[in-house]
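Please look over the model below with these notes beside it. They are numbered so that each can be checked in turn.

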Amino acid sequence: MSIRALWVVSHEKGESGKVRFSRRFPTVEFRAKSLAGSHYVAVPEDRVIPQLLLTELGLVDADKPYVDIRDDCAHQHRSPAVELLIDGQGGKTLWPVLTVTQGTLILACLPLVEAPPEPRPPLPSLASVSQGLAFLSGLQDFLCGSGGKPEPDVLASRLGALPSVLLQVCPLGRPLDIPPPSGLVPSAVAPSPGGAQKQPAWKAGVHRGRAVVSVALTEKVRSMQYGKSSRQDIWDVYGVVMCKCEVEGVLPNVTVTLTLPPNGSPLQDILVHPCVTSLDASILTACSVDENDGSAFSGPYKFPFSPPLELFRLCSYTSQVPVPPILGSYQLKAEENHLKVNVVLKLHESVKNSFEYCEAHIPFFNQNLMGSVEVKVSSGQLEVSKEKNLLVWVLGQKFPKSREATLEGSVHFSGTVTGPSDPLCTGLTAYVKLYFRVPDLTLSGCCVDQHSVQVYSSAKPRIVTTRELVSSEYYIWNSTGDAPVSSGYTVL
Amino acid sequence: MTIADLWDQRISAFLLSPSQFLATSTSEIFLAELLHELRNDKINDQLKILLVSALLEHPTILCPSASVGEETALELLSIFSQTPQKSISLKCNVMLAITNVIICTSCLATHTKMAEDWLDLLFQTIQDTNDYRCGQSQQPLRATACDCLREMETCSPGLLSQKLEALYLLKQQETSVLHQSYCILYTLGLKNAIRILTNQKEVTDFEFKSILGGNEGFAWRTNQNFLPINMIVQVPQLPQGLDCKELKSIMSLLLEESYLLTPISQSSLMRDLVEVVAMVPGLSPTLFKSQLLRLFGTAEVVLMHATLFMKDTFTDSLFTAEDENFLLKRLVGSAQHPLLRIPEKLFYMDCILHFPENRPISSSGEECLPVLVTPRLAASLLPTVFNDSATMLCRLNLLCLVHLEADEGEADKGIAYLFDHIMALLKIVDSDGSREVVVTSFRALFIFLKHFNGMEELSEKLIDKLRDIYSRHCRLAPNLIGLADRIQECLDDPIWSVKLLRGLQKCIMEMPPLQLTIHNLSWHLKVLKRVAKEGQITQRNTIYLLLNVLINSNLCERGKWQIGNAVLAVCRNLLEHPSIDQVFIELADLLQYISVNYNDTDIKDHARFYYTLLTNLSWEKLTGVLAKGPDGGRAKERSHSAIMAESEGIASNLTVCKTERHVLQLIKIQDKVSQSTSESSESLEDTGEARNWLEVYQEQFQTPGFGSEVTLRYNLTHAEETDPLFDRVFSICLHFEFKDSNYAKVSDIHVPCVFRDRKPPEVNVQLKPFQPYPTTLCFSAMFTTQDGRSWHSQLPDVSISFPEIFLPLPIATNASSACREQVFDHIWESAASGNPDKSAISLFCFKPGDESLADLIKTHFQGYLITDQQSERFWKVLFFLPPMCHVLLRITQAEDAVQVSIATDNWELLPFVNSYLRNITDDCSTTVTDG
């Protein structure tokens, strides 16, 4: 259950990779050597690591159309672990190298294979693989934060702090914990008071100060709408409950309860944070890959837990909702030298007509740049981005009373400059993508009642609960063109 | 540049590439510098941590032997104890470095005193539970000590097996966050102790109980690695009927508290506990029942994985059929959960294919679909064009397996879906998908064909589609050739590849001439070259096309070598084609046309040569000549085929064969008599006048190259095990390279022949040091065997030790001993007075052992003695080291010890001198004093 080495490599476009951080664990290497015997493959020096990694990830020689070792079709890239082909060691390979890529950063580690050297064991039989994966995820959050792409100086300072972080969480190659996520340092923390109760290892101290519990429920809705009888529209939601509990005590007890309205469809695929102390078996039974059973448990969903100091994801779920919040239709027709566009959006009556924002993006790919745009909207405003070949229909905070809005008109493409291209959207294959956010609403009807949050502690805490619905991958495809299949479910 | 910056640069350079860094120095020197600097009070902790990192990451490079390791650990220990308490981070790092050095240099395995002391110190450190004694500021040190002990226990299982009661108490007492470290340390110790006990034939209740109650010293055992129990065929078990009450309550408590551990540590703990239960028949797997629900619902990949390990170990004694079904659904759900990360989802898909079923049908370790995974269950994992490439390929592979095993009705629909998916990918390729999309699509094609190549209708459709795409995007030629090759390799039946290639040939034939631009033509030629390899495809059209293109274009006039060579490459494969007689005339015409009209002499020549072969040899002979015999045959054949223009042919036939084995080796010739300086100085007569011998001596160095070389003599012999093929080798060229840059390049040495049954030839290697440090000489040999093939072989490294570079004082052989002594004294005096700057003096003492001092001197210093006053127990010894270093020894025997005063004009040599002296006085007890 150890890792032999750890790397952070950066690769800017057109440059060779650079090792930004690396760490080897010689005692693990010592074991690797004795376990593998004559099959032992030493970890190469850092100077050659970037090239090996980039080759394996298909990131070298971007200008060459085909390179054997990079592009061979039998060379399958479908595992979280890759193998690095080491030069000059008689075709020996270093396996399993786990990698996580974020932007221009590649995080990689080499877990120890605790198995007889031959034959190669399956990945799931190695304990160190899941630990390596978890460790890399933690490292990713530590280096990149929630923003995704840290500024160069921020990244440099986080890389600089890494040795002292590793001293705590992985001093000798055996991870004890993952690096703490950056930017989530809790405010008022006092050292553990001592006493009979053991301090959880995932909680550095105890909270001091006003007691506040905040529970935020965010639901994301995805949809693919085709507007065709031959192809079923699909939509689903997934929800996340984020908690921040500023409560005193070493192991305070908190219970959060999620409830559904009567007839609400059950929450599925529930995943919980490890701080949840116990679970009712019925909570876990509903599963999206299963046939839906009408008699399934539909709440209340109780999550008793003892909170860590930082903000954390208490649980997540998926849900099948009966209707999409916005039903759209998109018709695009080619006429002589222009395209006729018609978009209709209908807000479902069960959805509150109060958006924080709502926009429809209508991109045109594989065309010359737009010339004149003669398009009218029944509600909201239209913005035209010619260099991106994009129409942005800003619907604002509300749909009109009729709960229906239309966009109609024609777009001419002139000039000789080609606009953005996309291999998927050729011919009349085109889409409208919706972006919206509705505060204080969930599609599944799931909610966290302020009064249902129970905190067993001396001071009565202030309890804040919020919920919201946000769109994610919400596409409406042109019904007059071919649309790509987005889920096997509807086809089978 | 400050010292800190300088070190920063040096350490970074070292960590980036130790071999390159040490090429300009040696590990001894670097290590000495590091340790020296670590003792420097003036530099700050941060810099010291940086220095320690070199030892932390590469202990075996810096400490190549156990003895150096032990010395270094001792040094570090003294640094550790001198570091003030407030430098907590530095102390932790030094602690880790010591542990690394001790484990990696086998000090632990060989049970050295140092390792024992270190273990005691670590154990003492962890006694301070809840920081009563040292205060909370020292907590990190305790945490580090726990981890060091855990690593030592892992590398030497059972080390803590007699200390479990003590560890248990510590674990119970500790209430700070560190209880996690104590908890996993205890559990590991417990697991290993039980594992060791299972090796015993019979185990009594007393022995079993004494494990838990152990409170003694460390248990030193022979080193062995324990594999996890899922990796061994038969899980080792204790006998039935032992009283497990106490162990059971310990286990329950550990499980109860597991919740307080971080997920990663929890997973380690669970795995250790699972192993314990598996080894002790008296413990029931139902112990884990209380944790199962919590684990089933977890979002953490480590905990889910540990649960699967539990499932694999206990199967239906812990998991009902319902649990199994649930777990599998959970995995399928997780494999596409929108909130999990891609690597995790890929891992879950891998877990589905290696799912530990209660009733597995096979247990081969191969990818295998669990019975419960039906097309219905897996429908959510059907690949789409919106997936990233790894996810898409992983899903495709999984779903191919699902539908390969599904019932007919369901399978048809599923396969149709997968086929449509492949077509959708190809459509994207067709609309100018990026390189990544192209590569991914061909990988998807490969997976699909691997599983469904038998479905003719589908595979025909694919061929049509690929042909169609090729007609528009001939840059896909290498991808298509690659696909044909790989499919042919992976399936027994090559028919699909042949059909594809035939389709591509047809597609090229049917292309309108306008599309045959030079750029496209080079792709087409690649395809045709591959097509020509297929005996089942008729080649007439290919030849017509080539002739047609050459006649009707200006290619011949332009005479581009690349195009000509590509055309000839097709012809070469055509020559080998089995039905060549059907197109004999056409091919001959083509070759003749090229040989007459192509505007490049090389191409013309080759075409003429092919033409001659074609028209003069029977097909059998022709293919015999052209065959690339990998195993050789006679030398003559190879030289024929080596003339072929076909690039691969040239490459494989002109290439020097490589052998991984050591064929030859160099064996040092032991006598050192013939060691001499390169030039003998002219006769110097001792006239007794007051000549300044030192000046004379120093003048010699004005002559370029004087005294700059050492000659080492070796025998070149066969390595012990070699093939009879290599019994007689000829024209050997030895090529030398140093691992560092302390020596000038050694030029190649040529040896006419080495026969196994003859006296080995002598090889003189002349070394020219820039710095006279010990080194390693890597060398390789190129030679020819009797069958005419050339070979390249790496030979075993030759290490050159410090004394091998010693030369006697380079002064005329007939110079009197008085002259020698005069030179000696002069050098000594100037060294003692610090001239030149790098001079240093030092002292080395030892007690002569069984061997008398005179013997010692005779054996080791004979050739280097300046004065030998045995009667007065006083000797002067001088080693000359090229290019111009001196090491002078004054040896005096006092009553109970021998004192060796050392003077040198290069202090960097001192560590080597010391270890050399220590080495030769190994049997004697020694003490060293720095000068």
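**Notes on chain B**

1. Helix α24(B) passes helix α25(B) in a left-handed crossing (left-handed: the near helix is turned anticlockwise from the far one by less than a right angle; right-handed if clockwise). Helices, H or I runs of at least four residues, and strands, E runs of at least two, are DSSP runs numbered from the N terminus. This is a predicted model, in which local features need pLDDT of at least 70 and side-chain atom pairs count only at pLDDT 80 or more, while totals for chains, interfaces and linings use all residues. Residues are numbered from 1 along each chain as its sequence is written, and chains are lettered from A and ligands numbered from 1 in the order in which they are written.

2. α24 (residues 477-490) and α25 (residues 495-509) of chain B have axes 8 Å apart, at an angle of about 160°. Axes are lines fitted to C-alpha atoms, for helices over the stretch in contact, and angles run from 0 to 180 degrees between N-to-C directions. α24(B) is therefore roughly antiparallel to α25(B) (over 145 degrees; under 35 is roughly parallel, 65 to 115 roughly perpendicular, the rest oblique).

3. Which residues of α24(B) make the contact? They are L480(B), A484(B), I487(B) and Q488(B), and they meet W496(B), S497(B), L500(B), L501(B) and L504(B) of α25(B). Residues are in contact if their C-beta atoms, placed from the backbone, lie within 7 Å. By class there are 7 nonpolar, 2 polar and no charged residues (nonpolar: Ala, Val, Leu, Ile, Met, Phe, Trp, Tyr, Cys and Pro; charged: Asp, Glu, Lys and Arg; polar: the others, Gly among them).

4. The axes of α21 (residues 408-430) and α23 (residues 456-472) of chain B come within 10 Å and cross at roughly 5°, so α21(B) and α23(B) are roughly parallel to each other. Their contact has 6 nonpolar, no polar and 3 charged residues; among them are F419(B) and D430(B) of α21(B) and R472(B) of α23(B).

5. Strand β7 (residues 775-785) of chain B pairs antiparallel with β4 (residues 728-738) over 8 bridges and with β8 (residues 790-800) over 9 bridges. Strands pair if DSSP finds at least two bridges between them. M782(B) in β7(B) is the bridge partner of C733(B), and F779(B) stands opposite L795(B) in β8(B). The β7(B)-β8(B) hairpin has 4 residues between the strands, and G788(B) there takes a positive phi near 95°.

6. Between the chains, 109 residues of chain B are in contact with 93 residues of chain A. Helix α22 (residues 435-452) of chain B gives the largest share of chain B's side, 8 residues.

Terms used
Contact = placed C-beta atoms within 7 Å.
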